[in-house]
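Please read it alongside the sequence and the coordinates.

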Amino acid sequence: MTQDTPTIPIKFVEAMLEDGLINKDTFATLRVKLRSLPASQHPIQGIAPLNLKHAEKEKVVLDDQYLSEWYATRCGMECVELDPLKLDVDAITDVMSKAFAQRHKILAYSVNANSVTVATSEPFVTGWVSGLEHILRKEVKRVFASPVAIDKYQKDFYVLSHSIK
């Protein structure tokens with residue numbers, strides 16, 4: 001994949017088949033279902049609600065968390081859980097505007113004096129990193145988080161932060 005290529009649904013499903021998460025019948029079904037997935041949605045958001053069973057591990061459900069961890073590992077990224085009780089909402093929302101976070105489908109995860117760790121569900125979209133590093137004058141580190149969680153907490157954190165200020 002080239003820089004700034006969002007996750008392509010068919011490639012995502014092909015990877016699931018390749019890694020044994022689904023069988024060929026499920027692959028065929030998902031291929032059809034994902035054609036109607038809005039372009040703004042990540043394949044995880046279209047697949048997780050189906051509560052599919054893992055093809056090789058029958059007790060494992062291919063839910064949001066499982067698919068996020070699998071995809072992060074496949075892409076060589078650390079997967080983090082966005083726990084609102086453990087995150088500094090003020091620091092996170094001060095790093096970037098809500099519009100910037102939504103446009104790039106990202107959310108700051110942690111902030112310190114030298115760096116900012118940003119959660120993304122798009123491992124191959126990195127064009128925003130250099131601009132953010134330039135503005136913040138800090139190193140930007142990327143981690144993977146569930147696209148469902150990023151979407152939810154973008155809304156929640158910025159509303160909460162705005163209401164407090």
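The model is predicted. Its strand β2 covers residues 115–120 and pairs with strand β3, residues 139–144, in the parallel sense. Strand β2 also pairs with strand β1, residues 106–111, in the antiparallel sense.

**Pairing with β3**
- The parallel pairing of β2 and β3 runs over six bridges.
- Val116 has Val140 in β3 as its bridge partner.
- Ala119 stands opposite Val143 in β3.
- Between β2 and β3 the chain passes through helix α7, residues 127–136, and this β-α-β crossover is right-handed.

**Pairing with β1**
- Five bridges make up the antiparallel pairing of β1 and β2.
- Ser110 is placed opposite Thr117 in β2.
- Three residues lie between β1 and β2, and the two strands form a hairpin.

**Burial of β2**
- Because six of the six residues of β2 are buried, the strand is largely enclosed by the rest of the structure.
- Side chains in a regular strand alternate between the two faces of the sheet.
- In β2, Ser115, Thr117 and Ala119 point one way.
- Val116, Val118 and Thr120 point the other way from β2, and both sets of residues are buried.
- The cut-off for buried is under 20% relative accessible area.

Notes. Residues numbered from 1 in each chain as written. Predicted model: local features only at pLDDT ≥ 70, side-chain atom pairs only at ≥ 80, totals over all residues. Heavy atoms only, no water. Pairing = 2+ DSSP bridges. Helix = DSSP H or I, 4+ residues; strand = E, 2+ residues; numbered from the N terminus. Right-handed = clockwise from strand over helix to strand, strands pointing away. Buried < 20%, exposed > 50% of the residue type's maximum accessible area, 1.4 Å probe, protein only.
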